[in-house]
Amino acid sequence: FAAALASARTGAKTILIKRYGSLGGLFTNGLVLIIIGTAEGVRDGGQRLVTRGICKEFMDRAKAMGENVYRIDPWHGPNEPTIDPEGAKVLMDQMVRAEKNLEVFFHCWGVDVIQDGSSVRGVIFESKQGRQAILAKRVVDATGDGDVSFQAGADFRQITHNIGFVYQLGNIGKATNAQRNAKAADGFPKIPNEPIPGAFWKNCLGPAANGLSVRDLTAAEFLHRENAWQLVEKMRSTPGYEDTYMMNSCSQIGVRASRLIKTDHLLDMSETDAHKTFDDAIGMSGDDTFTRGAFQIPYRSLLPSGIENLLVAGRSIGVNPNVIDRVRLIPVCMVTGQAVGTAAALSLEGGVSPRALDGGLLRRRLVSDGVFIA
């Protein structure tokens, strides 16, 4: 979403290919509704928003849609809203459709690349229309699993992580305080946590598994769905929760990490904890705990090693496993997406490869577009 917007706004003719029928990935289809990791704590006890640019624009526009779309709850800071997934889908639709340089293809699955040596020249995708191809001067891999980079022959490190599952419950919060505190209700959601009145989104961690294995993914779907249903049945048999019901469950299973692409620089926790600055920084990751501080992300971590005309954004960027839980968060994916979309367009405009793009030029454009780089 952010990569396509940035590319189109920087002047490049852009096509966005999406596997599902809406934008947002695990944020919307996966029902991971909170935008967390946007800010860092400051000395006066407040917060400083660091994931700005398109991320901030999206949050501001969602807030303007009203309290049934945008909510700040007391457990999170003022920069970490919970956003209704249907409202988010509509807003993203509106934002991409406003760009004359941008076309979106839903219900398409990228299956291969068109390649000339080390240079990616396009992508091949499957849909109801069969197999088709798009020739492209620049390709951005925002699949999350690094699928396009893998198809192009990029080196990667595969890791396992907890595969989650999110679902929404309705009619939460009708129980009395006595009923909520009853032993039988221990572990039940007690108050709503969504913009929708009475709704609660529940994020299940799940067991660690291979997010690239269809067997592991299928087993996770079976396990999570059964457990969620059993919890709802237990709640409905408990006084005060009789009207609780399953509103919805995620249509996209919660793979947190799989392939980490080898890039020109692998960001490590020793660098993020030391708040290392980079000459080619393209933006910031916030701090979801407000205890470790924000950190810069270098452009080199978005360039798959040995592959030309390809950039990567999202949770498969070049990091060591000890950093994945910070860069896989929704706002950071928007930050890296905006950076690669902008870089793709600028490199085309300048007639250079993404790897040869002037880092100063990229930074100046990103800052002018509202990105924060400390």
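This is a predicted model: local features need pLDDT of at least 70, side-chain atom pairs count only at pLDDT 80 or more; totals for chains, interfaces and linings use all residues.

Why does F150 count as partly exposed? F150 counts as partly exposed because its relative accessibility is 41%, a value that lies between the limits of 20% for buried and 50% for exposed.

**Overall form**

- The chain contains ten helices and 20 strands.
- Along the principal axes, the C-alpha trace spans about 70 × 55 × 40 Å.
- A compact globule of 374 residues would have a radius of gyration near 21 Å, and the chain agrees with this because its own value is 21 Å.
- Of the 374 residues in the chain, 52% are buried.
- Among contacts between residues at least 6 apart in sequence, 70% join residues at least 24 apart.
- The accessible surface of the chain is about 16,600 Å², and carbon and sulfur atoms account for 50% of this area.

- A pair of aromatic rings is described by the distance of the centres and the angle of the planes.
- A search of the whole structure finds six aromatic pairs.
- One aromatic cluster is formed by F1, F27 and F58.

**Aromatic rings around F150**

- F150 and F156 form an edge-to-face pair, because their ring centres are 5.6 Å apart and their planes stand at 80°.
- F156 counts as partly exposed because its relative accessibility is 32%.
- The charged end of R259 sits over the ring of F150, at 4.1 Å from the centre of that ring.
- R259 also lies over the face of F156, where the distance to the ring centre is 5.4 Å.

**Cysteines**

- A disulfide is a covalent bond between the sulfur atoms of two cysteines.
- A search of the whole structure finds zero disulfides.
- The sulfur of C204 is too far from the closest cysteine sulfur for a bond, because that sulfur, in C250, is 8.9 Å away.
- The sulfur of C333 is likewise too far for a bond, because the closest cysteine sulfur, in C55, is 10 Å away.
- C333 has a relative accessibility of 25% and therefore counts as partly exposed.

How values were computed:
Residues are numbered from 1 along each chain as its sequence is written. Side-chain values use heavy atoms; hydrogens and water are left out. A disulfide is a pair of cysteine sulfur atoms within 2.5 Å. Buried means under 20% relative accessible area, exposed over 50%, partly exposed in between (1.4 Å probe, protein chains only). Rings of Phe, Tyr and Trp (its six-membered ring) pair if their centres lie within 6.5 Å; planes under 30 degrees apart count as stacked, over 60 as edge-to-face and the rest as tilted. A charge sits over a ring if NZ of Lys or CZ of Arg is within 6 Å of the ring centre and within 35 degrees of the ring normal. Helices (H or I, at least four residues) and strands (E, at least two) are DSSP runs, numbered from the N terminus. The radius of gyration is taken over C-alpha atoms; the globule rule is 2.2 Å times the number of residues to the power 0.38. Contact means heavy atoms within 4.5 Å. Accessible areas come from the Shrake-Rupley method with a 1.4 Å probe; for residues, only the protein chains shown count as cover.
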